[in-house]
Amino acid sequence: MANIEVEGKSYETDEEGYLVNLADWNKDIAEYIAKTENVDMTEQHWEVINFLREYFEEYQIAPAVRVLTKAIGKKLGADKGNSEYLYGLFPYGPGKQACKIAGLPKPTGCV
Amino acid sequence: MLHIINKSPLTNCALDSCLRVVQSGDILLIEDAVYAATSGNVFEDKIHEAMGRCKVYVLQPDLDARGFSDRIIDGVSPVDYGGFVDLTTTNKNCQSWL
Amino acid sequence: MSEIKKFMFVNRKAPHGTIYALESLEVVLITAAFDQDVSLVFLDDGVYQLKKGQQTKGIATKNFSPAYLALEGYDIEKLYVEKESMQARGLSEEDLLVDVTVLGRAEMGELMNQQDVVLSF
């Protein structure tokens with residue numbers, strides 16, 4: 001267990017930096033986690049983060065990268081539904097890294 | 001006496017054994033035993049029969065979790081956690097049929 | 001991955017009283033990454049896993065039932081329910097969260113017989 005401090009408030013994370021309580025998440029926390037991951041949040045990043053949160057809201061799981069890629073392609077267009085684009089935004093993986101910023105658990109099967 | 005069952009009647013004989021032996025008292029169905037309190041289940045007739053000599057209760061939160069809130073057999077009484085506690089205090093003793 | 005094998009997951013336990021259903025679901029989601037021919041079977045109390053309207057707030061556990069709706073996105077589209085198990089529980093296809101193929105016991109046995117790997121939960 002660890003803690004991160006954002007805007008004077010402390011939030012619990014696991015040893016890898018994923019939020020323990022999903023309800024804690026807000027945009028400031030997302031920006032903070034992104035900074036620790038060296039990700040500069042742009043509109044394109046937010047598009048993926050928001051997509052992930054909607055996906056989780058609906059299915060209660062974080063999607064595998066392959067599933068995320070396909071679903072993004074369907075929703076946001078083929079130019080965004082591919083690994084080059086998503087890894088360009090999140091170099092350590094749209095599953096692992098984007099889920100962390102989105103305040104979701106690590107995708108099942110992701111090591 | 002309060003009899004508490006927590007296993008589905010279709011995969012475990014705990015409720016069957018309980019109903020075979022018990023002649024009176026309260027029966028509380030919790031966890032996977034709540035399926036026994038749902039209408040349309042093949043166990044339904046045995047519950048009706050049991051209600052002739054015992055009072056049958058079902059734990060509402062466990063029923064909700066399983067998606068059966070709207071399928072309780074008529075005559076079975078839903079209780080919340082507070083009601084569960086009340087049953088354990090109003091009865092002289094209780095037995096969990098594991 | 002060399003050749004595609006036929007994998008069957010047999011689910012026979014009700015969803016919240018034990019951990020089997022959730023564990024099975026997690027293994028299924030992981031297996032999806034290996035592009036195998038995956039079938040999911042729901043037998044006995046396992047059919048309860050697919051019941052609509054599950055609300056776990058009151059028992060303070062994760063409601064994982066919406067994840068069955070995500071299976072299609074994982075290209076897992078072969079879901080089978082045994083007719084006799086469903087009938088014994090007073091359930092029909094309309095009570096289930098996802099589209100399934102309903103099989104009689106003999107057809108189910110035949111399908112099981114065709115598999116390369118069967119994992120039982």
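A:Glu7 sits in the loop that joins strand 1 (2-6) to strand 2 (9-13) of chain A. The model is predicted. A:Glu7 is not a glycine, yet its phi is positive, at about 50°. Most residues other than glycine have a negative phi, and most peptide bonds are trans. The residue is exposed, with 8 other C-beta atoms within 10 Å.

B:Glu31 also shows a positive phi, about 45°, and is likewise not a glycine. Its place is the loop between strand 2 (26-29) and helix 2 (44-50) of chain B. B:Glu31 counts as buried, with 20 C-beta neighbours inside 10 Å. A:Glu7, with 8, falls under the exposed limit of 12 or fewer.

Confidence was examined next. The model as a whole scores ipTM 0.93 and pTM 0.92. For chain C the average pLDDT is 96. In that chain, 98% of the residues score at least 70. Where pLDDT is low, the predicted coordinates should not be read in detail.

Chain C contains four helices and five strands. Their order along the sequence is β-α-β-α-β-α-β-α-β. The radius of gyration of chain C is 14 Å, close to the 14 Å given by the globule rule for 121 residues, so the chain is as compact as a globular protein of that length. The C-alpha trace spans about 45 × 30 × 25 Å along its principal axes. Of the 121 residues in chain C, 39% are buried. Contacts in chain C with a separation of 6 or more were also sorted by sequence distance; 72% of them join residues 24 or more positions apart.

Chain A has two assigned domains, domain 1 (2-37) and domain 2 (43-102). Their C-alpha centres lie 19 Å apart. Six residues from domain 1 and six residues from domain 2 take part in the contact between them. On the domain 1 side, four of these residues are nonpolar, one is polar and one is charged.

Two pairs of chains touch, and the pair with the most contacts is chains B and C. Chain A and chain B do not touch. Their nearest C-alpha atoms are 15 Å apart. The contact between chains B and C takes 18 residues from chain B and 18 residues from chain C. By class, the chain B side has five nonpolar, eight polar and five charged residues.

The contact between chains C and A takes 14 residues from chain C and 11 residues from chain A. On the chain C side, helix 1 (20-31) and helix 2 (67-70) are the elements that give two or more residues. That side comprises 10 nonpolar, two polar and two charged residues.

One residue of chain A illustrates this contact. A:Ile61 lies in the loop between helix 2 and helix 3 (65-76) of chain A. A:Ile61 touches C:Ala67 and C:Ala70, and within its own chain A:Phe56 and A:Thr108, with residues up to four places away in sequence not counted. A:Ile61 has 22 other C-beta atoms within 10 Å and is therefore buried. A:Pro107 is 46 residues from A:Ile61 in sequence. In space the two are 7.2 Å apart, C-alpha to C-alpha.

The largest nonpolar core holds 78 residues. The members that touch the most other members are A:Leu52, B:Leu28, B:Leu29, B:Val34 and B:Ala36. Helix 2 (residues 43-59) of chain A supplies the largest share of this core, five residues. Domain 1 (2-37) and domain 2 (43-102) of chain A each contribute at least three residues. For B:Ala36, the contacts beyond four places in sequence are B:Pro9, B:Leu15, B:Leu29, B:Asn41, B:Phe43 and B:Ile47.

Methods:
Residues are numbered from 1 along each chain as its sequence is written. Chains are lettered from A and ligands numbered from 1 in the order in which they are written. This is a predicted model: local features need pLDDT of at least 70, side-chain atom pairs count only at pLDDT 80 or more; totals for chains, interfaces and linings use all residues. The radius of gyration is taken over C-alpha atoms; the globule rule is 2.2 Å times the number of residues to the power 0.38. Two residues are in contact if their C-beta atoms, placed from the backbone, lie within 7 Å. Ala, Val, Leu, Ile, Met, Phe, Trp, Tyr, Cys and Pro count as nonpolar, Asp, Glu, Lys and Arg as charged, and the others, Gly among them, as polar. A nonpolar core is a set of buried Ala, Val, Leu, Ile, Met, Phe, Trp, Tyr and Cys residues joined through C-beta atoms within 7 Å. Domain bounds come from an automatic or database domain assignment. pLDDT is the predictor's confidence in each residue, from 0 to 100.
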